[in-house]
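Dear colleague,

I am handing over the structure below, together with some notes on what turned up in it. Please read the notes alongside the coordinates.

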Amino acid sequence: MDHIVTVQEAVTAFADWNEPTDAELAAIESELPLILADVDLIDAQINAMDRPPNEVDTRRVRRALARVLTEWRILANRTTDEATGGAA
């Protein structure tokens, strides 16, 4: 006899009570510039892989990496300021 397995877990995974909280959405929103910078860096790296490297690709990857590092610094400083209560 074969047992019938329910898919209750998959159905309840999308229940209303399983939505992100306001705090989680705020955290995602505060990290969005870094996420977008990471996407640009990956895009530049993928484009550079499609053909022999040239100066334009190298500059694009370098600029994208610099933007990622800048966004990391901004985010780290923001979270540090929030942790210390905004004191400098």
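Why does Asp-43 count as partly exposed? Asp-43 has a relative accessible area of 33%, and partly exposed is the class between buried, under 20% relative accessible area, and exposed, over 50% (1.4 Å probe, protein chains only).

As to provenance, this is a predicted model, in which local features need pLDDT of at least 70 and side-chain atom pairs count only at pLDDT 80 or more, while totals for chains, interfaces and linings use all residues. Residues are numbered from 1 along each chain as its sequence is written, and side-chain values use heavy atoms, with hydrogens and water left out.

Salt bridges

A search of the whole structure gives four salt bridges, a salt bridge being a side-chain nitrogen of Lys or Arg within 4 Å of a carboxyl oxygen of Asp or Glu. One of them joins Asp-43 to Arg-60, with the closest N and O atoms 2.8 Å apart; this pair links distant parts of the chain, since Asp-43 lies in helix α2 and Arg-60 in helix α3, 17 residues apart. Helices here are DSSP runs (H or I, at least four residues), numbered from the N terminus. Arg-60 is partly exposed, at 31% relative accessibility. Arg-51 and Asp-57 also meet in a salt bridge, at 3.0 Å from N to O, where Arg-51 is partly exposed at 39% but Asp-57 is buried at 6%. Arg-59 and Glu-55 form a further one, at 2.4 Å from N to O, and because these two are four residues apart in helix α3, about one helical turn separates them.

Glu-71, which is placed in helix α3 (residues 55-83), deserves a separate look. Glu-71 is buried yet has no salt bridge, and the nearest side chain of opposite charge, Arg-67, is 4.7 Å away; Lys and Arg count as positive and Asp and Glu as negative, with His and the chain ends not counted. Leaving aside residues up to four places away in sequence, Glu-71 touches Pro-33, Leu-34 and Ala-37, contact meaning heavy atoms within 4.5 Å.
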